[in-house]
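Student: I would like to learn how to read a structure feature by feature. Can we work through one together?

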Amino acid sequence: MKNDQIDGNKEMIAFGLMNIVGSFTSCYLTTGPFSKSAVNFNAGCRTAMSNIVMALCMMLTLLFLAPLFSYTPLVALSAIIMSAMLGLIDYEEAYRLFKVDKFDFCICMAAFLGVAFISMDIGLMLSVGMSIVRALLYVARPATCKLGNIPNSTLYRDVEQYPSSMEVHGILILQLGSPIYFANCTYIKERILRWIREEQAITDSKGNEVEHLLLDLSGVTCIDMTGIETLLEIRRTMEPRGIKVGIINPRREVMEKLIVSNFIEKIGKESVFLSVEEAIETCQFSLDVSKSKNELSSVNSSVTSEGA
């Protein structure tokens, strides 16, 4: 509540030990309800010693004052808790959460309304379930973007974020920003193929064919065998179209798996680059060489036809 650093693991260990010890004397389960924390905070408690004082007061109350409290309406007891709880609601923070991230706001409201009107278990399950669904969506649909060159620099950034960035003719640069494994392999493959189709639709009208596909793996923290097979399948799909596949700056853990699985041997060491700039220079040199060969072959064919 006051930006104190709390170790949740130690708190759970303490609860577990107290419940184990209390089970030998048929005690109630030990928990840390939010309502009790709210009452303690509003009462001015600062240290854990307040729990010991509260336990002693509770023991004396149960032993000597319980008959007097038996006539107290439950509504009055709940009003004490609710008055303390209302003081802990940060309306400005909830509004800021709504402006920044609507899904986070929905999770927050699901937890609040579930606990307030149903039960604590239902509220927690709703919020945790929605958080898990969001995490699965992020994992199963990772971010991919097409990179372009920032004018008058050697930087390559997302073309949607930086509309002024220029695409390199004949080269498609895609950046993958998440681990590649069985849960998102299909989506990554479909997304890459969609980028290829969109790029080919654009280049067909302009006459510039895509001949190189560069995958920036600097943001890929890990990869499994399904992910490696996906990369190989992408390469096999690109080969009939005359598109060469290269990878850029894979991390050490990813590179080790690619080497052990013989992926590097299959695509060739010349298809692995340290930076986007190096990959672009190599691909442009390859494009210039192939263009020169095509021009030379066309000249030779025209000379042969004239001589005939």
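**The cavity**

Student: How many cavities of 30 Å³ or more are there by this rule?

Tutor: The rule comes to a count of one cavity of 30 Å³ or more. A cavity is a set of points, on a 1 Å grid over the protein atoms alone, where a 1.4 Å probe fits but cannot get out. Grid points are joined across faces, edges and corners, and a volume is the space filled by probe spheres set on the points. This is a predicted model: local features need pLDDT of at least 70, side-chain atom pairs count only at pLDDT 80 or more, and totals for chains, interfaces and linings use all residues. Residues are numbered from 1 along each chain as its sequence is written, and side-chain values use heavy atoms, with hydrogens and water left out.

Student: Which residues line the largest cavity?

Tutor: First the general idea. Rolling a probe the size of a water molecule over the atoms shows where empty space is left. Lining residues have an atom within 4 Å of a point. Here the lining consists of Lys146, Leu147, Glu167, Val168, Ile171, Leu172, Ile173 and Glu199. Two elements, β1 (144–149) and β3 (171–176), each give two or more residues to that lining. Strands are DSSP runs of E with at least two residues; helices are runs of H or I with at least four; both are numbered from the N terminus. β3 gives the most, with three residues. The space in the largest cavity is about 40 Å³.

Student: What classes of residue make up the lining of the largest cavity?

Tutor: Five are nonpolar, three are charged and no polar residue takes part. Ala, Val, Leu, Ile, Met, Phe, Trp, Tyr, Cys and Pro count as nonpolar; Asp, Glu, Lys and Arg count as charged; the others, Gly among them, are polar.

**Salt bridges**

Student: How many salt bridges does a search of the whole structure find?

Tutor: Nine. A salt bridge needs a side-chain nitrogen of Lys or Arg within 4 Å of a carboxyl oxygen of Asp or Glu.

Student: Which partners does lysine 146 have?

Tutor: One is glutamate 167, with the closest N and O atoms 3.2 Å apart. This pair links distant parts of the chain: lysine 146 sits in strand β1, and glutamate 167 sits 21 residues away in the loop between β2 (156–158) and β3. The other is glutamate 199, at 3.1 Å between the closest N and O atoms. Glutamate 199 is in helix α8 (residues 185–206) and lysine 146 in strand β1, so this pair ties together parts 53 residues apart in sequence.

Student: Are lysine 146 and glutamate 199 buried or exposed?

Tutor: Both are buried. Buried means under 20% relative accessible area, exposed over 50%, and partly exposed in between (1.4 Å probe, protein chains only). Lysine 146 counts as buried because its relative accessibility is 7%. Glutamate 167 is partly exposed, at 37%.

Student: What about a bridge within one helix?

Tutor: Take arginine 96 and glutamate 93. Their side chains meet in a salt bridge at 2.7 Å, N to O. The two are three residues apart in helix α5 (residues 91–100), so about one helical turn separates them. Arginine 96 is partly exposed at 45%, and glutamate 93 is partly exposed at 35%.

**A surface patch**

Student: Where is leucine 65, and what patch does it belong to?

Tutor: Leucine 65 lies in helix α3 (residues 49–69). Relative accessibility of 36% makes it partly exposed. A patch takes residues with over 30% relative accessible area and no salt bridge; like charges are joined within 9 Å, and nonpolar side chains (Val, Leu, Ile, Met, Phe, Trp, Tyr) within 5 Å. Leucine 65 is in a nonpolar surface patch with Met49, Ile52, Val53, Leu56, Met59, Leu60, Leu63, Phe64, Leu68 and Phe69. Together they have about 1,100 Å² of accessible area, computed by the Shrake-Rupley method with a 1.4 Å probe, where for residues only the protein chains shown count as cover.

**Positive phi**

Student: What is the phi of asparagine 152?

Tutor: Most residues other than glycine have a negative phi. Asparagine 152 has a positive one, about 60°, although it is not a glycine. It is in the loop between β1 and β2. At 86% relative accessibility, asparagine 152 is exposed.

Student: Where is asparagine 249?

Tutor: Asparagine 249 is in the loop between β5 (244–248) and α10 (252–260). Its phi is also positive, near 50°. Asparagine 249 is partly exposed, at 33%.

Methods:
On a 1 Å grid over the protein atoms alone, a cavity is a set of points where a 1.4 Å probe fits but cannot get out, and a pocket is an open set with protein on both sides within 12 Å along at least five of seven lines; lining residues have an atom within 4 Å of a point.
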